[in-house]
Structure formats: C-alpha cells, structure tokens
There are 2 protein chains.
Amino acid sequence: MAKDSDTETRILNAARAVFIRRGTSGARMQEIAEEAGVNQALLHYYFRSKERLSEAVFSEAATRMFPMVIQILGSDQTIEKKVEGIVTTYLDNMSRSPFLPGYLISELHHHPERIHQLIRGVAGIELSTALKPVLDKLDKQIATEVRAGRMRRISAQQFMANLISLSVFPFAAQPMLRAAFGLDEDGFSKFIAVRKKELPQFIMSALTP
Amino acid sequence: MAKDSDTETRILNAARAVFIRRGTSGARMQEIAEEAGVNQALLHYYFRSKERLSEAVFSEAATRMFPMVIQILGSDQTIEKKVEGIVTTYLDNMSRSPFLPGYLISELHHHPERIHQLIRGVAGIELSTALKPVLDKLDKQIATEVRAGRMRRISAQQFMANLISLSVFPFAAQPMLRAAFGLDEDGFSKFIAVRKKELPQFIMSALTP
DNA sequence: GTCTATATTGTGATAGAC
DNA sequence: GTCTATCACAATATAGAC
C-alpha cells in the first residue's frame with residue numbers, strides 16, 4: 001500500500017542516498033533527516049537506530065546486485081547467451097545505479113562481517129550455498145563444450161570472476177577511470193556504451209580455442 | 001635516515017593500518033595512537049590533524065597503485081609482454097597488499113575530490129596528463145598490430161580497462177568472492193595463483209583474431 | 001619529544017509536549 | 001506521528017607540565 005511519499009519511504013530513500021554517498025561511518029543522521037524533510041527524532045521512531053537504518057540500506061543494495069548473476073549463470077542457456085546476459089544486465093543496472101558497486105565494495109571492505117547478511121535476505125540461505133549448484137552446473141556445461149572443441153578449459157569460478165570483473169569494475173573505479181581518461185559524466189556513459197557492445201565479443205573470443 | 005622505529009614512522013605505519021581497515025571516516029585517532037604505542041597528542045604533534053594524516057596515507061596508497069600501469073603500458077614492449085607485465089605486477093603487488101584496492105575505491109567513492117591529489121604527488125602532474133601520451137602510443141601500437149592481422153581492433157582505453165578490471169577487481173571484491181566461493185584466506189591465495197597463470201592467456205586469446 | 005589533562009564541538013539517541 | 005529540547009558520550013584538538 002505504502003505511498004511513495006510515506007514518511008517511512010521518504011526516510012529510506014534519503015538514507016539510501018546519504019549512506020551510498022558517505023558510507024556508513026561517514027553518514028550523519030542529521031543529513032538523512034534533512035534530505036527526507038523531517039527531523040532527526042523521526043528517524044529513530046521508524047528505524048530505532050542508525051545501525052538498523054544502515055542495515056536496511058545495505059540489504060537492499062546487496063539484493064540488487066547478487067541474485068542476477070545466480071539467475072543467469074544457473075539458467076539453461078548457452079555459454080554465449082549467459083555471457084551476453086551478464087554483461088547486458090549488469091551494465092544496464094549499474095548505469096542506472098552507478099554508485100552501487102563502489103558502495104558495496106566499500107561497505108564489505110570495512111565491515112566484512114556483513115557478508116553473512118547477503119542473499120539470506122532474499123533467498124533465506126547462505127550465499128555460497130546458493131551459488132554452489134550454479135557453479136557445479138556451469139563446470140559441467142563448460143566441460144561439455146571443451147570436449148566438443150568449442151571452448152577452452154576454464155573453471156566456473158574463474159569464468160564468473162572474469163565476467164563480473166569486466167562488467168562491474170569500471171563502475172566501482174569510476175572516479176579513477178574518469179580522472180585517468182579525462183571523461184565527464186557523458187564521456188563515461190559513452191565509454192560504457194562501447195563496452196556493452198564490445199565486451200561480449202571480447203569474452204567469447206577469449207573462451208574460443 | 002629515519003629509523004623504522006622512529007615515532008613518526010610508527011605513527012604513519014599505524015595510521016596506514018587503521019585508515020585502510022576502517023576508512024577515513026571510520027578511523028579513530030585513539031585507535032591509531034594505541035596501534036602506534038603512543039598517546040593521541042603525539043599524532044597532532046607530528047601531523048597536526050586527522051585530515052592531514054589521512055592525506056599522507058592516501059597519497060602513499062595511490063602512489064603504490066597508479067605509476068605501475070603507466071610505466072608498463074608506456075614502455076616499448078610487445079602487447080603480449082605488456083599484458084603479462086600488468087597481470088603479474090598487479091597480482092603480485094596486490095597479493096602483498098590485498099586491502100589496497102578496496103581502500104582506494106572506498107576513499108575515491110566517498111571523497112571523489114581526492115582524485116586530483118593522485119599522481120601529482122609522484123610526478124607533479126595531473127593523472128590524465130600523464131596518461132594521455134601513454135594511451136596515444138598504445139593506440140598506435142594496436143593499430144599496427146591490427147593492420148598486420150595479429151590483433152582485433154580495440155581502443156587503448158578499453159584495453160587498459162579490461163586489463164585492470166581483470167587484475168584488480170578480485171582483490172577489491174575479495175570479501176564477496178570469498179563468501180560466494182566459500183574460500184578461506186588460503187583458498188583465495190590459490191584462486192589468485194591460478195589467475196596469475198591463466199589470465200595472460202585469457203586476455204591474449206581475446207585479443208587475437 | 002612525550003605525556004596528562006581538558007576544552008570544545010559533534011553525534012546518536014531519548015523524553016515529553018502537541 | 002511529528003516536533004523541540006536535551007542528555008550522554010564520543011572524538012578531534014589544544015594547553016601546559018615534564
């Protein structure tokens with residue numbers, strides 16, 4: 001039911017913006033209150049503490065990041081479709097939320113214990129438990145392709161790490177890349193657009209014997 | 001001359017550990033003082049403020065990260081040697097400082113203005129200015145290879161982004177990868193060792209027609 | 001150079017009126 | 001549900017003795 005201008009929703013929206021911008025330690029309840037257009041006491045009325053509010057934001061962010069790769073890599077598509085699916089899905093998603101990767105890396109770097117909070121919120125199980133069958137299935141699929149001479153040997157782990165690295169890192173390192181290449185916001189978007197077109201070919205070419 | 005147990009050096013070492021672990025906002029002067037085995041007042045005696053101390057740590061970290069790629073990609077080696085050089089250098093360096101990428105991404109994400117501090121400390125010039133001739137030269141080198149039929153077309157920017165993504169991202173996302181793959185510290189090291197061997201082949205295969 | 005106070009401000013959280 | 005006022009403590013920074 002909750003209208004988009006519900007006080008609780010407005011607070012959560014403001015919290016998301018501030019936590020992602022400042023990080024959990026750098027965020028101030030006062031700034032969140034201002035951005036939500038309410039006073040600081042209301043934040044505690046709805047979320048009890050800064051800690052709980054930050055957990056709500058983190059869980060939501062993690063949920064937007066992790067299920068996709070599991071769903072796509074665990075599907076019954078060809079390797080080529082999976083590569084395209086990961087690249088397209090992540091580049092599109094991250095283009096809409098370009099600060100998500102940096103925020104998640106930052107949070108997990110400074111609060112590694114939060115990793116246990118991952119996925120559990122969305123599927124009720126541990127991340128590695130959810131991923132295990134996906135990796136096993138992918139290893140088998142790759143083995144079949146290798147035997148048919150259509151693919152070079154690579155473990156599902158390394159395969160997945162390469163896909164995510166190539167798709168997500170440019171967003172996580174966006175400030176560095178922009179400074180290094182001298183790109184403004186629009187230039188960076190174009191850089192990503194090129195990537196979206198070329199990355200699947202690049203990866204498939206690396207996988208083909 | 002400065003002995004390794006100089007008070008100033010001990011403070012800087014402690015600051016490096018704490019800032020990298022907690023981030024600039026999360027770090028506490030008290031924790032740094034404890035880790036250095038001195039009291040809080042001495043931190044201000046040597047570095048005047050938390051801000052300045054954090055700048056010292058950040059500059060040092062940035063300097064350990066960025067010059068390598070410029071040096072290697074700007075050299076006169078073959079593309080293959082450059083790929084090998086980047087992968088080996090970064091994987092070795094990051095293995096020794098596995099928290100560096102996460103720290104730098106985190107800092108630059110929450111304090112993007114710090115980007116201007118980059119490189120200037122080491123070469124006295126802007127990052128993009130230092131990189132421009134390197135990218136131009138690399139573009140020419142790639143064009144030559146393409147004309148000779150030895151390489152697929154790719155821009156120096158995308159080429160460099162791919163190299164760094166594949167080499168650095170796994171360290172930046174270390175907490176996620178370890179949770180996802182169920183790896184302990186040793187398991188992660190082995191994962192990186194495999195990467196060091198396979199990544200150059202993977203990349204060269206992607207670049208070859 | 002190094003220490004022990006201490007000043008001063010910032011910040012999460014709560015009490016209580018409306 | 002929402003506000004103002006305020007508490008309690010954390011954290012940076014400084015003064016001044018040794």
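What share of the contacts in chain A with a separation of 6 or more comes from residues 24 or more positions apart? The share is 65%. The model is predicted. Chain A has eleven helices and zero strands. A rotation of 180° superposes chain A on chain B, with an RMSD of 0.0 Å.

**Chain A overall**

- Along the sequence, chain A reads α-α-α-α-α-α-α-α-α-α-α.
- The C-alpha atoms of chain A fill a box of roughly 65 × 45 × 35 Å along the principal axes.
- Chain A has 209 residues, and 51% of them are buried.

**Relation of the two chains**

- The rotation that brings chain A onto chain B is 180°, and the shift along its axis is 0.0 Å. That is the relation of a two-fold axis.
- A:Ala206 is the residue of chain A that comes closest to the rotation axis. Its C-alpha lies at 1.9 Å.
- Of the interface residues of chain A, 100% are also interface residues in chain B, so the copies meet through the same surface.

**Serines in contact with the other chain**

- A:Ser165 sits in helix 9 of chain A, which spans residues 156-172.
- A:Ser165 has a relative accessibility of 1%; because buried means under 20%, A:Ser165 counts as buried.
- A polar atom of the A:Ser165 side chain lies 2.6 Å from the backbone oxygen of A:Ala161.
- B:Ser106 belongs to helix 7 of chain B, residues 100-110.
- B:Ser106 is buried, at 1% relative accessibility.
- The side chains of B:Ser106 and A:His110 form a polar contact of 3.0 Å.
- With neighbours within four places in sequence left aside, B:Ser106 is in contact with A:Ser106 and A:His110.

**A:Ile192**

- A:Ile192 is part of helix 11 of chain A, residues 185-207.
- The relative accessible area of A:Ile192 is 6%, so A:Ile192 is buried.
- Residues up to four places away in sequence are not counted here: A:Ile192 touches A:Leu91, A:Ser95, A:Pro170 and A:Phe171.
- A:Ser54 is 138 residues from A:Ile192 in sequence. In space, their C-alpha atoms are 30 Å apart.

**Helix packing in chain B**

- Two packed helices are described by the angle between their axes and the distance between the axes.
- Helix 10 (residues 156-172) and helix 11 (residues 174-181) of chain B pack at about 75°. Their axes are 5 Å apart. That angle makes helix 10 of chain B roughly perpendicular to helix 11 of chain B.
- Helix 10 of chain B contributes B:Pro170, B:Phe171 and B:Ala172 to this contact. Helix 11 of chain B contributes B:Gln174, B:Pro175 and B:Leu177.
- The residues of the contact between helix 10 and helix 11 of chain B are five nonpolar, one polar and no charged.
- Helix 1 (residues 7-26) and helix 3 (residues 40-47) of chain B cross at roughly 105°. Their axes come within 10 Å. Helix 1 of chain B is therefore roughly perpendicular to helix 3 of chain B.
- On the helix 1 side, the contact is made by B:Thr7, B:Glu8, B:Ile11 and B:Leu12 of chain B. On the helix 3 side, B:Leu42, B:Leu43, B:Tyr46 and B:Phe47 of chain B take part.
- By class, the contact of helix 1 with helix 3 of chain B has six nonpolar, one polar and one charged residues.

**Arg48 in both chains**

- A:Arg48 is not a glycine, yet has a positive phi of about 70°.
- A:Arg48 lies in the loop between helix 3 (40-47) and helix 4 (50-73) of chain A.
- A:Arg48 counts as exposed, at 62% relative accessibility.
- B:Arg48 also has a positive phi of about 70°, although it is not a glycine.
- B:Arg48 is in the loop between helix 3 and helix 4 (50-65) of chain B.
- The relative accessible area of B:Arg48 is 61%, so B:Arg48 is exposed.

Key
Residues numbered from 1 in each chain as written. Chains lettered and ligands numbered in written order. Predicted model: local features only at pLDDT ≥ 70, side-chain atom pairs only at ≥ 80, totals over all residues. Heavy atoms only, no water. Least-squares fit on C-alpha atoms with pLDDT ≥ 70 in both. Contact = heavy atoms within 4.5 Å. Helix = DSSP H or I, 4+ residues; strand = E, 2+ residues; numbered from the N terminus. Buried < 20%, exposed > 50% of the residue type's maximum accessible area, 1.4 Å probe, protein only. Axes fitted to C-alpha atoms, helices over the stretch in contact; angles between N-to-C directions. Parallel < 35°, antiparallel > 145°, perpendicular 65-115°, else oblique. Nonpolar A, V, L, I, M, F, W, Y, C, P; charged D, E, K, R; others polar. Polar contact = N/O pair within 3.5 Å; in protein donor to acceptor, adjacent residues only side chain to side chain.
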